[in-house]
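Visitor: I am new to this structure. Could you take me through it?

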Amino acid sequence: MAAGWFYLTCLALGSLGSLCIFFTIYWMQYWRGGFAWDSSIFMFNWHPVLMVAGMVVLYGAASLVYRLPQSWVGPKLPWKLLHAALHLMAFILTVLGLVAVFNFHNHGHISNLYSLHSWLGITTVFLFSCQWFLGFAIFLLPWASLWLRCLLKPIHVFFGASILSLAIASVISGINEKLFFSLKNATKPYSSLPSEAVFANSTGMLVVAFGLLVLYILLASSWKRPEPGILTDRQPLLHDGE
């Protein structure tokens, strides 16, 4: 029963994550003119798509690797590699998202890093890069001692959840900023809640729901990877899913 509820939650999470990406793509394609890679406004449109896909959806999925019951038994190295690889993919998408917005700003002589959204976003990316390199050096490479890993593990877990929370805040502030800039001189301003605003606000709510569900799975004690020596107390969860 426990395993069934876990996989049902993961199914809902996958659906939410897919909707977050699809809604962002549709918003940029239908209302903002589509995509290009030429430093124009259409290059900017890649920015929200890549940031949602990388910093939120893929990052959230990577964070949950150790919640899979299959990761509780057998060698831990394959799961470490999967965890690191998914985070690396998320980081690559994030860097491409930054390239898109900086190229657009520089080409149009627009100032960089002046808004609260940009401060939140760049702080999130900086922490993410530090988190990934620290995790790679300490938890994946074999040189670190057990006591050092035990010392840094709670910090690693804390910043993992914090980075996801900051990413969600960055996305929400970015959606709001984009709507204010795009609809301020429109026939139907943001305050009149035109269809684009409704759709974009709904996209933001989907991102929040996705993030909250990821954090719930991370914090649910019954779904955490058991420490060595107590696996037998939770073995039924794995058996229920077989």
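Guide: Helices here are DSSP runs of H or I with at least four residues, and strands are runs of E with at least two, numbered from the N terminus. The model is predicted, so local features need pLDDT of at least 70, side-chain atom pairs count only at pLDDT 80 or more, and totals for chains, interfaces and linings use all residues. Residues are numbered from 1 along each chain as its sequence is written, and side-chain values use heavy atoms, with hydrogens and water left out.

Visitor: Which helix gives the most to the lining of the second largest pocket?
Guide: A pocket is an open set of points on a 1 Å grid over the protein atoms alone, where a 1.4 Å probe fits, with protein on both sides within 12 Å along at least five of seven lines; lining residues have an atom within 4 Å of a point. α1 (2-30), α2 (41-44), α3 (46-63), α4 (77-107), α5 (116-140) and α6 (146-183) each supply at least two residues. With eight residues, the top contributor is α6.

Visitor: Which residues lie nearest the centre of the second largest pocket?
Guide: Its lining has 35 residues. Those nearest the centre are F44, H47, V101, H117 and E177.

Visitor: Is L193 buried or exposed, or in between?
Guide: L193 sits in the loop between α6 and α7 (195-219). Its phi is positive, about 55°, although L193 is not a glycine. Buried means under 20% relative accessible area and exposed over 50%, with partly exposed in between (1.4 Å probe, protein chains only). At 47%, L193 is therefore partly exposed.
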